[in-house]
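Colleague: Could you walk me through reading a structure like this, one feature at a time?

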Amino acid sequence: MSGTKVIRLKGHSDNIRSLCLSQDGTKIISGSSDHTIKIWDIGQQSCIGTIRNHLDSVWTLSADTNFRYLVSGSRDKTVCLTSLQTFESNCVCVFDSQVCASTFIFDENSNSQQKIAIGTADANISL
């Protein structure tokens, strides 16, 4: 990768478990074993927000196509939905097992049409 500029964004205190990049490539969200989620501005090369809504490692992140909402899943067995505009969070699900994967579908034509698919450590998928 000669000629490619490498940008290093520092701010987490433990390993990064999940990343989510905006479609326009201007922002990235990281989830970490330090229990936090950080929103980064790639152009500014800085953290523009920190979300603390989990009590254990953040294992999975998924955002809608417009980067307005974020779904995060954690080893603490919770799934949270967060507004990326206000950083307000609601933990929407609690599972019997750690949350390992998530995907988020948001119907742009109807704010009420949100679907979240969750994969857990006990080999189940929940919708």
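**A hairpin, a sheet and a core**

Modeller: Let's start with a hairpin: E5 and E6 have five residues between the strands, and there Phe67 takes a positive phi near 60°. Strands here are DSSP runs of E with at least two residues, numbered from the N terminus. Keep in mind that this is a predicted model, where local features need pLDDT of at least 70, side-chain atom pairs count only at pLDDT 80 or more, and totals for chains, interfaces and linings use all residues. Residues are numbered from 1 along each chain as its sequence is written, and side-chain values use heavy atoms, with hydrogens and water left out.

Colleague: In which sense do E5 and E6 run, and how many bridges join them?

Modeller: In general, strands of a sheet pair through backbone hydrogen bonds, either parallel or antiparallel. Here E5 and E6 run antiparallel, joined by five bridges; two strands count as paired if DSSP finds at least two bridges between them. Leu61 sits opposite Ser72 in E6, and Ser72 also stands opposite Cys80 in E7.

Colleague: What is the strand order in the open sheet?

Modeller: The order is E5-E6-E7-E8, four strands with antiparallel pairing. Strand E5 (58-63) and strand E8 (89-94) are at the edges with a single partner strand each, so one side of each has no neighbour in the sheet. From one strand to the next, the twist averages 20°, using lines fitted to C-alpha atoms as axes and angles from 0 to 180 degrees between N-to-C directions.

Colleague: How many residues of E5 are buried?

Modeller: Six of the six, so E5 is largely enclosed by the rest of the structure. Buried means under 20% relative accessible area, exposed means over 50%, and partly exposed is in between (1.4 Å probe, protein chains only).

Colleague: And which residues make up the largest nonpolar core?

Modeller: In soluble globular proteins, nonpolar side chains tend to be buried together. A nonpolar core is a set of buried Ala, Val, Leu, Ile, Met, Phe, Trp, Tyr and Cys residues joined through side-chain atoms within 4.5 Å. The largest one here has 11 residues, among them Ile29, Val58, Leu61, Phe67 and Leu70. E5 gives the largest share, three residues.

Colleague: What does Leu70 touch?

Modeller: Its contacts (heavy atoms within 4.5 Å) include Ile29, Ile37, Leu61 and Leu84, leaving aside residues up to four places away in sequence. There's also a second, separate core of seven residues, including Val79 and Phe95.
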